[in-house]
Amino acid sequence: HEYVGKPNNEIKLENTEEIAGHGLKSTINGKDLLVGNFKLMNKFGIQYDLDPNTIVYTTIAVAYDNKFVGYITIADSIKEDSQETINLLHKLNVKATMLSGDKSTVVKYVAEQLGIDNAFGDLLPEDKVNKVKEIKAKNETVAFVGDGVNDAPVVALSDVGIAMGGLGSDATIETADVVIQNDQPQKIVSAIKIGKITRSIVWQNIILAMSVKGGFIL
């Protein structure tokens, strides 16, 4: 905002449409404006003299009147307790897999920073579903943590669906089995530990009840 200054309110966007998995297309003064990823540029035959894969950050490409104007980079900050969460999950023998619609270069960078076991980027919602199906096909128990509306199908498919209560979309929260109200990833570890303790208590109660009944029968 400091760089751009005051927005020009005279600019009127017309015929705005969303192109799924690519970005937005609109019209200004009778000329097309494209804002999205570089797949959007390729789709409309926009020429650009750079390799998107060399850009580490999430990138928004912009084209106007069939010409490449430039790009904007966005970097999300990693949550403070994410590193500790991954370390604790590894101690519990839980493998961490990252599924993201962000660029593969960004996903790879974050995965290396946090020590995530497997990471996949440039995924559409249906790609995330297919990846989870592949993991479940190996008889693995899957807990999936998501916040965006695109995560809702995968949250529903997982054995345990977990949503972020603050940042999460309504669709994902409604679909989830577990909601983390304060958006702290480390609560996932707490939930697993609570689950293990609860299961232990349940088995203790079952064994005790069966022992008592067996004693009466004898």
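Two strands pair if DSSP finds at least two bridges between them, and strands (E, at least two residues) and helices (H or I, at least four) are DSSP runs numbered from the N terminus. The model is predicted, so that local features need pLDDT of at least 70 and side-chain atom pairs count only at pLDDT 80 or more, while totals for chains, interfaces and linings use all residues. Residues are numbered from 1 along each chain as its sequence is written, and side-chain values use heavy atoms, with hydrogens and water left out.

**View 1. Strands β2 and β3 run antiparallel within an open sheet of five strands.** Six bridges join β2 (residues 23-28) to β3 (residues 31-36), with G23 standing opposite G36 in β3. The strand order of the sheet is β1-β2-β3-β4-β5, with antiparallel pairing. Because β1 (14-19) and β5 (67-74) stand at the edges with a single partner strand each, one side of each is left without a neighbour in the sheet.

**View 2. D151 lies in the loop between β8 (143-146) and α5 (152-157).** D151 has 8% relative accessibility and therefore counts as buried (under 20% relative accessible area, 1.4 Å probe, protein chains only). Its side chain makes a polar contact of 2.8 Å with the side chain of K128 (N or O atoms within 3.5 Å, one able to donate a hydrogen and the other to accept it).

**View 3. The largest nonpolar core has 14 residues.** Such a core is a set of buried Ala, Val, Leu, Ile, Met, Phe, Trp, Tyr and Cys residues joined through side-chain atoms within 4.5 Å. Among the residues with the most contacts inside this core are I86, L114 and I188, and α3 gives the most to it, with four residues.

Methods. Buried means under 20% relative accessible area, exposed over 50%, partly exposed in between (1.4 Å probe, protein chains only).
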